[in-house]
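Subject: Structure handover

Hi,

Here is the structure for you to look over. My notes follow below it.

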Amino acid sequence: NNIQPFQVCLSDAVGETVFYVSSGKPENAADEDWNYGNKSSSMLPPAEKTTDVHGWLKFENEIKVQTTTLKDFCFEKQIAHIDFIHMDVQGAELMVLKGANDFIQKINMIWLEVEAVELYKGQPLKNDIESFMHTKGFVKIADTVYTTAGDQFWVRKDYILQKKGKAFVFQK
């Protein structure tokens with residue numbers, strides 16, 4: 001009862017941006033009903049490496065979309081805090097996080113996709129994400145970013161200490 005979907009483009013600024021719409025399907029795709037190509041659309045244009053990694057992926061359509069920030073969206077919807085975010089925004093993760101501004105201190109846990117190689121032009125890579133998250137007081141709990149891409153799970157350090165106490169051990 002407390003879940004509502006919203007079609008919104010979160011970024012680091014309120015305005016308008018180009019959204020690069022993806023399409024395509026691998027030749028050996030087993031599931032005819034699964035739309036493989038629409039999973040890679042992004043606010044960032046694809047880098048050359050994108051089609052090297054996924055040769056079947058195409059970016060033939062661009063649309064303009066309105067953007068807002070996570071902070072403004074939460075204010076508008078009267079969201080006082082967020083327990084958990086699962087974020088997979090195709091290279092724009094840092095844009096969304098920066099758009100949270102000081103509201104990021106009201107987010108307890110964030111699971112996000114992170115790349116080790118540039119799949120979208122100008123996207124932040126693993127070290128960029130980690131540096132930002134550390135400066136915002138988050139601790140990395142899990143990391144599956146090995147060669148190309150993976151996921152990271154971050155928890156706000158204050159939240160861990162509140163739940164687990166000062167005896168909780170952090171690794172560097």
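One cut-off first: a residue counts as buried under 20% relative accessible area, as exposed over 50%, and as partly exposed in between. W111 has a relative accessible area of 26%, so W111 is partly exposed. Please keep in mind that this is a predicted model.

Aromatic pairs

A pair of aromatic rings is described by how far apart the centres are and by the angle of the planes. The count here comes to four aromatic pairs. Take F59 and Y120. Their ring centres are 6.4 Å apart and their planes stand at 90°, so this pair is edge-to-face. F59 sits in strand 3, while Y120 sits in the loop between strand 5 (107-115) and helix 4 (126-135), so the pair ties together parts 61 residues apart in sequence. The accessibility of the two partners is as follows. F59 is partly exposed, at 22% relative accessibility. Y120 is buried, at 3%.

W111 also has a partner. W111 and F153 form a tilted pair, with 5.8 Å centre to centre and 40° between the planes. W111 belongs to strand 5 and F153 to strand 7 (residues 149-156), so this pair ties together parts that are 42 residues apart in sequence. F153 has a relative accessible area of 17%, so F153 is buried.

Three strands make an open sheet in the order 1-3-2, and the pairing is mixed. Strand 1 and strand 2 (15-23) stand at the edges with a single partner strand each, so one side of each has no neighbour in the sheet. From one strand to the next, the twist averages 50°. Strand 2 pairs with strand 3 in the antiparallel sense, over eight bridges.

The largest pocket holds about 1100 Å³ of space. Its lining has 33 residues, and F6, Q7, V8, L10 and F73 lie nearest the centre. Strand 1 (9-11), strand 3 (58-69), helix 2 (70-76) and strand 4 (82-87) are the elements that give two or more residues to this lining. Which strand gives the most to the lining of the largest pocket? Strand 4 does, with four residues. By type, the lining residues divide into 20 nonpolar, ten polar and three charged.

Over to you.

Key:
Residues are numbered from 1 along each chain as its sequence is written. This is a predicted model: local features need pLDDT of at least 70, side-chain atom pairs count only at pLDDT 80 or more; totals for chains, interfaces and linings use all residues. Side-chain values use heavy atoms; hydrogens and water are left out. On a 1 Å grid over the protein atoms alone, a cavity is a set of points where a 1.4 Å probe fits but cannot get out, and a pocket is an open set with protein on both sides within 12 Å along at least five of seven lines; lining residues have an atom within 4 Å of a point. Grid points are joined across faces, edges and corners, and a volume is the space filled by probe spheres set on the points. Ala, Val, Leu, Ile, Met, Phe, Trp, Tyr, Cys and Pro count as nonpolar, Asp, Glu, Lys and Arg as charged, and the others, Gly among them, as polar. Two strands pair if DSSP finds at least two bridges between them. Axes are lines fitted to C-alpha atoms, for helices over the stretch in contact, and angles run from 0 to 180 degrees between N-to-C directions. Rings of Phe, Tyr and Trp (its six-membered ring) pair if their centres lie within 6.5 Å; planes under 30 degrees apart count as stacked, over 60 as edge-to-face and the rest as tilted. Buried means under 20% relative accessible area, exposed over 50%, partly exposed in between (1.4 Å probe, protein chains only).
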